[in-house]
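Please consult the sequence and the structure below while reading.

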Amino acid sequence: MYPYMKHLLYNRIVVDAGDELIPFIKIHPFTNKYLLTEDTDTKRGKDYLEKRFGAFKIFPKGREALYAALSSYNLKKDDVVTVLTTSNNFYISKCVTGTIDRICKWNREICPQTKVIVFNHEFGYPRRDMKEVAQYGLPIIEDCAHTFYDLDPEIGKYSDFVVYSLPKAFPMQIGGVLKTNKRIGASSDRAVEDYVLKNLSIHVDKISEYKKKRQTNFAAYCEKLASIGITPYFDDSDAIPGVYLFKWNNHIDYPSLKEYLYENGVECSVFYGKSAFFVPCHQYIGNIEIDYISELLHYYYINRV
């Protein structure tokens, strides 16, 4: 073995191969294969959304759908939107907080100034107490950015709006869907709607397959990583995961782990505010990618923990 190759080979993988030779395994399922929209009709995509959601509108991004929903309440600058989440973690995506900031204030606990609740079902894991939340008597918007595949009948039952981000579920570059139980004035952009419905039409017949694949990938991570103390963060076997979100030893340096995995081509992040981390788990990764990520985590455990 050449001296400069020392410590670069571990089991079946190359660690730290260099920027020009690393793979790129993304959190979201978009791939270069879907750069060009297929010349297909929009009927199947439209029929699916109408059957599932009834009334809906399409936007370029989920955050724009959220903005349209918030704008329907005539909120004033000093009004408060309270954000609740599955985990009760303090961390909230800037896609949510930045959108609320354009209209009014936000916080994390119900208060006298709260006018609307935004409920974030994190990473494909719905919070199963929507009925209790509805007892506050406040308007509810549900953020299901990662939770398109979950068909829990409680989702949308007590809320005015449900926001979905299609690129987190399908290989699309744009696409937000707003399920509406309350009338809004915003109209869908015709070109965006055409793009979303054409792409959705390609995939709707495969949704059951995609859901099963995500759960299979999740189970594979669990099996391959249990020996080094990695376990799922949420205990919800019915969920369709948006990522593999896991807990590890309390002394893990998660920012260091994030840097290490990015250097080896794996998109990932710390679940800030919790001792947790996440890696890709969508339907377009398979045994090769999961084995690679698992080997990287084993190598990290042996050499850096």
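**Assignments and their grounds**

Leu 296 is found in helix H8 (residues 287–304); helices (H or I, at least four residues) and strands (E, at least two) are DSSP runs, numbered from the N terminus. This is a predicted model, in which local features need pLDDT of at least 70 and side-chain atom pairs count only at pLDDT 80 or more, whereas totals for chains, interfaces and linings use all residues. Residues are numbered from 1 along each chain as its sequence is written, and side-chain values use heavy atoms, with hydrogens and water left out.

Q: Why is Leu 296 called buried?
A: Buried means under 20% relative accessible area, exposed over 50%, and partly exposed in between (1.4 Å probe, protein chains only). Leu 296 has a relative accessible area of 0%, and is therefore buried.

Q: What does Leu 296 touch, not counting residues up to four places away in sequence?
A: A contact means heavy atoms within 4.5 Å. On that basis Leu 296 touches Ile 13, Val 15, Tyr 260, Leu 261, Asn 264 and Val 266.

Q: What makes strand E4 (residues 80–85) largely enclosed by the rest of the structure?
A: Of its 6 residues, 6 are buried, so E4 is largely enclosed. Both faces are covered: Val 80, Thr 82 and Leu 84 are buried on one side, and Val 81, Val 83 and Thr 85 on the other.

Q: Which strands pair with E4 in the parallel sense, and over how many bridges?
A: Two strands pair if DSSP finds at least two bridges between them. E4 is joined by 3 bridges to strand E5 (residues 105–107), running parallel, and by 6 bridges to strand E6 (residues 114–120), also in the parallel sense. Val 80 has Lys 105 as its bridge partner in E5, and Leu 84 stands opposite Phe 119 in E6.

Q: Why do E3 and E5 count as edges of their sheet?
A: The open sheet has 7 strands in the order E3-E9-E8-E7-E6-E4-E5, with mixed pairing. Strand E3 (56–59) and E5 each have a single partner strand, so one side of each is left without a neighbour in the sheet.

Q: How is the sheet of E10, E11, E13 and E12 paired?
A: This open sheet of 4 strands, in the order E10-E11-E13-E12, has antiparallel pairing. Strand E11 (residues 244–247) and strand E13 (residues 276–279) pair over 4 bridges, with Phe 277 in E13 as the bridge partner of Phe 246.

Q: What is the confidence of the protein chain?
A: pLDDT is the predictor's confidence in each residue, from 0 to 100. The chain has a mean pLDDT of 93, and 96% of its residues reach 70 or more. Over residues 1–6 the pLDDT is below 50. Where pLDDT is low, the predicted coordinates should not be read in detail.
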